Amino acid sequence: MGKKAEHNIKAYGKNFTSMTPGPFALKLRTCKIWQFIRFVIINIKMLIVVRKSH
Amino acid sequence: MARLIVLGGGVSGHTAATFAAEWLGSAHEVVVVTPNSKWNWIPSNIWVGVGEMSKEEVTFDLAPVYAKAGINYKQAKAVSINPEGSESSVKPFVTIEYTLAGREGESENIEYDYLINATGPKLNFGATPGLGDANGLGEFTVSVCTADHAVHANEEFQKCIQKMKKGERQKFLIGTGHGLCTCQGAAFEYIFNVEHELNKAGVRDMADLKWISNESFLGDFGVGGLHMKSMGFAVSSKIFAESLFTERNVDWIIGAHVNKVEKGKAHYELLDGTMGEEEFDFSMLIPPFAGVGLKAFAKDGSDITGTVFAPNGFMKVDANYAAGAYENWKASDWPKTYQNPTYSNMFACGIAFAPPHPISKPMSSPNGTPINPTPPRTGMPSGIIGKAVAHSICDRILKGEDAPLHEASMAHMGAACVASAGKGIFDGTAAAMTIYPVVPDFEKYPGTGRDTDYTFGEIGLAGHWIKHILHHLFLYKAKLKMGWTMIPE
């Protein structure tokens, strides 16, 4: 994967000011242990939003 | 015995009808009028549109579910409402026209004590020449708005994959097909599912993907964008979206009103007034929405459609339709009870209610063409509003006509949104977002208009798992299986 996302940036093109994820951020997105933790946290956050909305 | 008629069996109408039947019991009657024989979990149409799910996995037959719930189900479309009755009928009634096989075109008047208009939208393909016509989707583009559309989209998508495997480069153009569209989120999810599937098929390098949308900036999503808490910052959805588009190498055109579609070519006008055209081999463009064209008549038979419905065909409710310019907009403009201001026994929910104004700032090109997203009223807010309206009506039936109405303003309500790419348990990712409130309240939350403690977004497997769970959970709930009332909207 490396820095592939950075390579899509075109100098002074419309995506030149975009933020792109690095290898570590990309790894975290598919790291099962980290994502399980995030799964619990996101679910709690969503349940709070659902509760506040009813 | 009181009779409640619910027009429409989508997310909002189905939620309202099933809860009303549960709360009212057999002492009162709930009637659902919907032209469809099947219920469709629309968010998963995205997966149907790329061949990851079948139509059968996102739909089910309504008749047995309504039979179980004790709901009187009429497979028909509503044609008109007589909220004052007629010369020959004291009670208000709805005129319906059957779509049920064997009874097509047959007309019937059904009297009601309370009415919920939850018809959803008319998919107004005819608004853009070439996108379609009065009969629906045209031949040049595809759609994922219905399960059948999504099946067709996948057939065309698979043809493109085969061409790419033979070495033929393909151009994909995905987004909104008119300057006043909503549902950018669905198109957003679709383009990243297409990108994911192209990678999986090993042909991503043979594809040029381009997003076209009426948003004035990427990440507007029809809600004026949002700021979400991330890494200690309040990060704009523009940064979030641009990052994702860049990472996946998807180009974009924004502030675009697609004004004509031809075979392999879309013509558009931009917010700066310039005209352009974009060629494509495959294009999925969401159509604009309009009301379904219900008419309303007074007791003497005179046409009062303009009293009951806004010019766009959506039903007027307790919103402030005189807010005027963007600078005057307030969160309090948004409806709370969804009661029609003229006829107190009529309510509207889901897409069928007329919003007071957009959420995104209205914009137009120097040529005077309006180009801005219209407000989304689908998904979680749609279900919550349907339940609140059903609660109000049940209270009035069971406790008396003075019972207070329940409130569910989109300015006090959040929404969860999961845009998933891929379907496998471990090979997909999703952008999971919550937004609170849906309609920004700049008085309560100066600056961003929203509570950044409850407005967040991130990309990863976790959101993808949530998308899977939501798919099964909401189909389970809609089928009224054991414990369905415990599942929140």
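Q: How many aromatic pairs are there over all chains?
A: The count comes to 22 in this predicted model.

Q: What makes Phe426(B) and Trp465(B) an aromatic pair, and which kind is the pair?
A: Their ring centres lie 6.3 Å apart. The cut-off is 6.5 Å, so they pair. The planes stand at 90°. Edge-to-face needs over 60 degrees, so the pair is edge-to-face.

Q: Why does this pair tie together separate parts of chain B?
A: Phe426(B) lies in the loop between strand E24 (415-421) and strand E25 (429-435). Trp465(B) lies in helix H10 (residues 461-478). The parts joined are 39 residues apart in sequence.

Q: What makes Lys45(A) a charge over the ring of Phe456(B)?
A: Lys45(A) lies over the face of that ring, 4.4 Å from the ring centre. The distance limit is 6 Å, so the distance qualifies.

Q: How do you know that the charged end of Lys467(B) is placed within the distance limit for Trp47(B)?
A: The charged end sits over the ring, 5.5 Å from its centre. The limit is again 6 Å, so this distance qualifies too.

Q: Which residues touch the most other members of the largest nonpolar core?
A: Phe172(B), Tyr190(B) and Leu198(B) do, in a core of 135 residues. Helix H9 (residues 379-399) of chain B gives the largest share, nine residues.

Key
Residues numbered from 1 in each chain as written. Chains lettered and ligands numbered in written order. Predicted model: local features only at pLDDT ≥ 70, side-chain atom pairs only at ≥ 80, totals over all residues. Heavy atoms only, no water. Core = buried A, V, L, I, M, F, W, Y, C linked by side-chain atoms within 4.5 Å. Buried < 20%, exposed > 50% of the residue type's maximum accessible area, 1.4 Å probe, protein only. Helix = DSSP H or I, 4+ residues; strand = E, 2+ residues; numbered from the N terminus. Phe/Tyr/Trp six-rings, centres within 6.5 Å; stacked < 30°, edge-to-face > 60°. Lys NZ or Arg CZ within 6 Å of the ring centre and 35° of its normal.
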